[in-house]
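Welcome! Please open the model in your viewer and keep the selection tool at hand. We will go from stop to stop together.

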Amino acid sequence: MTTNDIHPADERDTTEGRVYTVTGGDWDEILDDAIHDERIVINLGPQHPSTHGVLRLVLELEGETVTQARSVVGYLHTGIEKNCEYRTWTQGVTFVTRMDYLAPLSNEAAYCLAIEKLLGIEAPRRAQVARVMLLELNRISSHLVALATGGMELGSLTAMTAGFREREEVLHLLEHLTGLRMNHAFIRPGGLAQDLPADYHQKVTDFIKVMDSRLPDYDKLLTGQPIWRNRLVGVGYLPVDACLALGVTGPILRSAGLAWDLRKTEPYLGYEEYDFEVPTSNAADSFARYLLRVEEIHQSLKIVAQCLKKLEPGPVMVADQKIAWPAKLSIGADGMGNSLEHVRKIMGQSMESLIHHFKLVTEGFKVPAGQVYVPVESPRGELGYHLVSDGGTRPMRVHVREPSFINLQSMPAMSEGGMVADVIAAVASIDPVMGGCDR
């Protein structure tokens, strides 16, 4: 057998077409070998620096042109929805916050709002305003990651380092306000786990100043940059009728011209009191989505500044001691657990308090039988929680309308007919978080 008789790549026929296992050799020779089929099927991901997470794309190519694209999900499956059915209502917060790990507070807020709707209660005013402030800070953080990772995937490493630098500013602030950088479990059924720290006003004000000074740099670095524009303008086109047909929401839908934002259209947590704009575009491409995310960061900063003016002294948890868990929580001298005063009371002075605390923590509170669906506007679109209660201390069913999962349906429509390199730009403009998609 001569050297010329040996194919540079093994091949096998699969349901997706002929697949070549490339172990070396010259790429041009492999394409020549495949020319009899006039197409080649490749896997992009799930371990790939440009698929925006643990996402597998099956692409059918003719040369550099994508003729068919399919997304394959499930590589980050955690079973969070099912796990919630085996925990108390309050313990569920620590699960749902880990779905979309770039917008943990959006998950906490939607989940707790659904529980509160079933209970027929409303969080105190201070808790509601603080929730809005935290949600908008979280939106800024998430959009910064979208800009940073999108820049990295398209070769702009300066955009990545700048985006993650600003995100660190947000995470430092969230850590100061809630105790954790991510997966906070700070929003609880009935309010917040504890009050904001005493110096929250100064810390948030300083953060707003820093962001106002740095955000114009993104326009200087990217918006007018010819390579950035050439990679994004006209790429990933998805008009408004396609968005509606696929159920796509968030910046993708707004980039197609429809000003659909649940904070305006179906307000929750008192969003109707805040003065902010919902930016839109008619370009319906990846560049429009980039511009919208930058503008949404500006609008979120505007809302955060209004929250500081609206935050007035008051409770951050409902008064009903049958729901307010954990009771009288404050950080002890060791930085953990309940305050010494509360421990002294339940351990040494009141047996009834100890029994109540023990039952509330171990068994949880009962939620009236029924079902609700409560959506919020997460950084990626409509994030909705469908909760079913049978009257017990645990959810009977938890199901989430997760925007990353829904929005990923738009990937083939955005990518087919374009070039392989444009698939990367389109997926980055969708900004899926696979932890939420695969929950």
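**Before you start**

This is a predicted model, in which local features need pLDDT of at least 70, side-chain atom pairs count only at pLDDT 80 or more, and totals for chains, interfaces and linings use all residues. Residues are numbered from 1 along each chain as its sequence is written, and side-chain values use heavy atoms, with hydrogens and water left out.

**Stop 1**

Select β3 (40-44), β4 (residues 56-62) and β5 (65-72). Strands here are DSSP runs of E with at least two residues, helices are runs of H or I with at least four, and both are numbered from the N terminus. You are looking at an open sheet of three strands in the order β3-β4-β5, with antiparallel pairing. Which strands stand at the edges? They are β3 and β5, each with a single partner strand, so one side of each is left without a neighbour in the sheet. On average, neighbouring strands of this sheet are turned by 20° against each other, direction ignored. (Axes are lines fitted to C-alpha atoms, for helices over the stretch in contact; angles run from 0 to 180 degrees between N-to-C directions.)

Now look at the pairing, which requires that DSSP finds at least two bridges between two strands. Five bridges join β3 to β4, and L44 stands opposite L57 in β4. Seven bridges join β4 and β5. Color E60 and its bridge partner in β5, Q68, then L59 and A69, which stand opposite each other. The hairpin of β4 and β5 has two residues between the strands, and G63 in the turn has a positive phi of about 70°.

Six of the seven residues of β4 are buried, where buried means under 20% relative accessible area, exposed over 50%, and partly exposed in between (1.4 Å probe, protein chains only).

Contact means heavy atoms within 4.5 Å.

**Stop 2**

Select helix α8 (residues 216-223) and show Y218, L222 and T223, which are buried. Seen down the axis of α8, its buried residues fall within an arc of 75°, so they line one face of the helix. (The arc is that of the directions from the helix axis to the C-beta atoms.) What covers the buried residues of α8? The cover includes α5 (125-153), α6 (157-178), α7 (200-214), α9 (226-232) and α13 (286-310).

**Stop 3: the rings**

How many aromatic pairs does a search of the whole structure find? It finds six. Rings of Phe, Tyr and Trp (its six-membered ring) pair if their centres lie within 6.5 Å; planes under 30 degrees apart count as stacked, over 60 as edge-to-face and the rest as tilted. Show Y268 and Y271, an edge-to-face pair at 5.1 Å centre to centre with 70° between the planes; both are buried. Ring pairs link Y268, Y271, Y274 and F276 into a cluster.

Next, find K264, whose charged end sits over the ring of F276, 4.4 Å from its centre. (This needs NZ of Lys or CZ of Arg within 6 Å of the ring centre and within 35 degrees of the ring normal.) K310 lies over the face of Y274, at 5.1 Å from the ring centre.

**Stop 4: two alanines in loops**

Select A185, in the loop between α6 and β6 (187-188). Its phi is near 50°, a positive value in a residue other than glycine. Finish at A284, in the loop between α12 (262-265) and α13, where phi is positive at about 60°.

Terms used
The arc is that of the directions from the helix axis to the C-beta atoms.
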